[in-house]
Amino acid sequence: MKLSVFMSEHKLDDAAMAALVGDCTDHAVKKWRYDERLPRVEQMRRIYAVTDGAVTPNDFVLHPTAPADPANADCPVS
């Protein structure tokens with residue numbers, strides 16, 4: 001699940017999500033939501049934890065709307 005979807009479903013704004021994750025700003029959360037930046041590994045772990053596993057690290061790098069490339073079927077990121 002994308003971070004923006006989780007936040008919308010739980011009625012969280014950027015500041016509230018930043019407070020849950022800790023060690024980040026609301027501006028950083030905004031960047032993550034709009035796929036402008038990736039959270040650091042430790043931040044991804046905390047996002048996973050505070051969302052009870054609903055938002056995974058793969059959700060930041062995999063784009064389910066992108067067409068699949070059969071040549072890279074074994075590779076989760078193309």
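A contact here means heavy atoms within 4.5 Å. By that criterion, residues 24 or more positions apart account for 39% of the contacts in the protein with a separation of 6 or more. The model is predicted, so local features need pLDDT of at least 70 and side-chain atom pairs count only at pLDDT 80 or more, whereas totals for chains, interfaces and linings use all residues. Residues are numbered from 1 along each chain as its sequence is written, and side-chain values use heavy atoms, with hydrogens and water left out.

The protein has 5 helices and 0 strands, where helices (H or I, at least four residues) and strands (E, at least two) are DSSP runs numbered from the N terminus. In order from the N terminus, the elements read α-α-α-α-α. Of the 78 residues, 24% are buried; buried means under 20% relative accessible area, exposed over 50%, and partly exposed in between, with a 1.4 Å probe and protein chains only. The accessible surface comes to about 5300 Å², and carbon and sulfur atoms hold 55% of that surface. Accessible areas come from the Shrake-Rupley method with a 1.4 Å probe, and for residues only the protein chains shown count as cover.

Helix H3 (26-33) has Ala28, Val29 and Trp32 as its buried residues. These cover an arc of only 100 degrees around the axis, which puts them on the same side of H3; the arc is that of the directions from the helix axis to the C-beta atoms. Their cover includes H1, helix H2 (14-21), helix H4 (41-50) and H5.

In H4, the buried residues are Gln43, Met44 and Ile47. They too lie on the same side of their helix, because they cover an arc of only 100 degrees around the axis of H4. Val41, Arg45 and Ala49, on the other side of H4, are exposed. The buried residues of H4 pack against H1, H2, H3 and H5. Glutamine 43 has a relative accessible area of 5%. Leaving aside residues up to four places away in sequence, glutamine 43 touches Val21, Asp23, Cys24 and Trp32.

The structure also holds 1 cavity of 30 Å³ or more. On a 1 Å grid over the protein atoms alone, a cavity is a set of points where a 1.4 Å probe fits but cannot get out, and lining residues have an atom within 4 Å of a point. Grid points are joined across faces, edges and corners, and a volume is the space filled by probe spheres set on the points. The largest cavity has a volume of about 40 Å³. Its lining consists of Lys2, Leu3, Ser4, Trp32, Arg33, Asp35, Val55, Asp59 and Phe60. Helix H1 (3-9), helix H3 and helix H5 (58-61) each supply at least two residues of this lining. By class, the lining has 4 nonpolar, 1 polar and 4 charged residues. Ala, Val, Leu, Ile, Met, Phe, Trp, Tyr, Cys and Pro count as nonpolar, Asp, Glu, Lys and Arg as charged, and the others, Gly among them, as polar.

The backbone deserves a last look. Most residues other than glycine have a negative phi. Aspartate 35, in the loop between H3 and H4, takes a positive phi of about 55 degrees just after H3. At 39% relative accessibility, aspartate 35 counts as partly exposed. Lysine 11 has a positive phi near 55 degrees and is found in the loop between H1 and H2. At 74% relative accessibility, lysine 11 is exposed. Aspartate 52, which follows H4, has a positive phi near 55 degrees.

Definitions and conventions:
On a 1 Å grid over the protein atoms alone, a cavity is a set of points where a 1.4 Å probe fits but cannot get out, and a pocket is an open set with protein on both sides within 12 Å along at least five of seven lines; lining residues have an atom within 4 Å of a point.
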